[in-house]
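User: I have a protein open on my screen and would like to go through it with you. Can we start with the overall layout and then look at some details?

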Amino acid sequence: MKDGKFITLGIETSCDETAAAITADGRQLLSSVISSQINIHTEFGGVVPEIASRKHLENINITIEKAMKDADVNPEDIDLVGVTYGPGLVGALIIGVAAAKSIAYALDIPLVGVNHMQGHIAAAYLEYPELEPPFMALIVSGGHTNIVNVPSYNTCVKLGETRDDAAGEAFDKIARVIGLGYPGGPKIDKAAKEGNKEAVAFKRVYLEPGSFDFSFSGLKTQALNYLNTEKQAGRKINVCDVAASFQEAVVEVLADKAIAAAVKYNQRRIVMAGGVASNTRLRELMTVKAAENGIEVLRPSPVLCTDNAAMMAVSAYYAYMNGECSDFDLDADPSLGF
Ligand code: KG4
Ligand code: ZN
């Protein structure tokens, strides 16, 4: 405890960000440190798992120390450690889990393993201090695309998921092919601002009527075929037009399905979460389309949408307050579901 407040240390190492954060009384953010490996992985055009693990190992202690220093918190002030234990890259997750277990053991404090996807939802509690469940959540990241009903702090009901590629994965792939590089999502977002979203007629895939599932692999193939055909015909590709048209085909389906789910389940609010939730056009389209249905869209700042440990600390706090606690045999679970 510090100044009478419950202190949580959050740790996140599921992919290519080594992150640590401190919160007070659950959702008051005292510090958030994100040590990104993007520059290292850019050279290889994507995340190299082995390098990610090694970099996490190098960075984890300094990242945690910096989070404590920034928050002006000493080890004995910490009441709880929350750590992402899945889904993610196994070698990367292990580093965070081992660090969290060591700290919890040394300080004799409780440990809570956090589901990375549930953590993404908790980012909204930081951005909106008054926000309480219930609400609908659209979680769109590099590995997942989910529509989730959130009836309470510690319960999530998955209504839909991608049957093949995640939205972020599709962005990353197309960005690489059109020469924008890694990480693709933010680069497509930027290029699309200069492009015409109607230039290429990419298909919108809605699957069966009433389904909240997604499929982006057909769209990805269509884009690759389009690029090949243009190349073979000797025509020059307008990168910004392709980026804008591809982005529109992805975000339109994401927005339509999230809103349809909110309408069906009588939710008046949709929380956007995950890296792709920082996409400018998705944020804009969601807001406009939701307003037409009397639904409010909650959009955490981009830095809270992409991977960070602050959201893990918040998620761990609510789990702990609900009586949940992990044992020291907590292990990384790379394919952890909801
Ligand atoms: O949630 P996140 O940081 O990590 C995972 O848990 O996967 O999401 C990363 C994904 C990447 O695919 C990245 O390209 C995408 O989010 N992304 C974006 C934007 N910023 C990040 N996609 C579209 N537009 C953006 N502005
Ligand atoms: Zn994530």
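**Domains and details**

Analyst: The domain assignment gives domain 1 (7-125 + 305-321) and domain 2 (133-299); such bounds come from an automatic or database domain assignment. This is a predicted model, in which local features need pLDDT of at least 70, side-chain atom pairs count only at pLDDT 80 or more, and totals for chains, interfaces and linings use all residues. Residues are numbered from 1 along each chain as its sequence is written, chains are lettered from A and ligands numbered from 1 in the order in which they are written, and side-chain values use heavy atoms, with hydrogens and water left out.

User: How many Å apart are the C-alpha centres of the two domains?

Analyst: The C-alpha centres of domain 1 and domain 2 are 27 Å apart. In the contact between them, 19 residues come from domain 1 and 23 residues from domain 2. Contact means heavy atoms within 4.5 Å.

User: How much area do domain 1 and domain 2 bury between them?

Analyst: About 1,600 Å², with 70% of it on carbon and sulfur atoms. Buried area is the accessible area (1.4 Å probe) that two parts lose on being put together, summed over both.

User: Which residues in domain 1 lose the most area to domain 2?

Analyst: Met117, Ile121 and Cys305 do, and together they make up 35% of what the domain 1 side buries.

User: How many salt bridges and polar contacts go across?

Analyst: A salt bridge is a side-chain nitrogen of Lys or Arg within 4 Å of a carboxyl oxygen of Asp or Glu. For polar contacts across that interface, the rule finds six residue pairs, both residues being at pLDDT 80 or more. A polar contact is a pair of N or O atoms within 3.5 Å; within protein, one must be able to donate a hydrogen and the other to accept it, and residues adjacent in sequence count only if both atoms are side-chain atoms.

User: Which elements give two or more residues to the domain 1 side?

Analyst: They are helix 1 (38-42), helix 4 (116-127) and helix 11 (310-321). Helix 4 gives the largest share, six residues. Helices (H or I, at least four residues) and strands (E, at least two) are DSSP runs, numbered from the N terminus.

User: OK, new topic. How many salt bridges does the structure hold?

Analyst: It holds 14. One of them joins the side chains of Glu161 and Lys158 (2.9 Å, N to O). Glu161 is partly exposed at 34% relative accessibility, and Lys158 is partly exposed at 35%. Buried means under 20% relative accessible area, exposed over 50%, and partly exposed in between (1.4 Å probe, protein chains only).

User: And what about Arg204 and Glu252?

Analyst: Their side chains meet in a salt bridge at 3.2 Å, N to O. The pair links distant parts of the chain, 48 residues apart: Arg204 is in the loop between helix 6 (184-192) and helix 7 (217-232), and Glu252 is in helix 8 (residues 239-264).

User: What does Lys289 pair with?

Analyst: Lys289 forms a salt bridge with Asp256, and the closest N and O atoms are 2.7 Å apart. Lys289 is in helix 9 and Asp256 in helix 8, so the pair ties together parts 33 residues apart in sequence. Asp256 is partly exposed, with a relative accessible area of 23%. There is also a network of salt bridges with shared partners, which joins Arg163, Glu208 and Asp213.

User: Is Asn279 buried or exposed?

Analyst: Asn279 is buried, with a relative accessible area of 5%. Its place is in the loop between strand 9 (269-273) and helix 9 (280-292). Apart from neighbours within four places in sequence, Asn279 is in contact with Phe171, Asp189, Gln247 and Val251.

User: Last topic, the backbone. Where is the peptide bond cis?

Analyst: A cis peptide bond joins Gly86 and Pro87, with omega about -10°, and Pro87 is in the loop between strand 4 (80-86) and helix 3. The bond from Pro133 to Pro134 is cis too, with omega near 10°. Most residues other than glycine have a negative phi, and most peptide bonds are trans.

User: What is the phi of Asp25?

Analyst: Asp25 has a positive phi of about 45°, although it is not a glycine. Asp25 is in the loop between strand 2 (17-24) and strand 3 (28-36).
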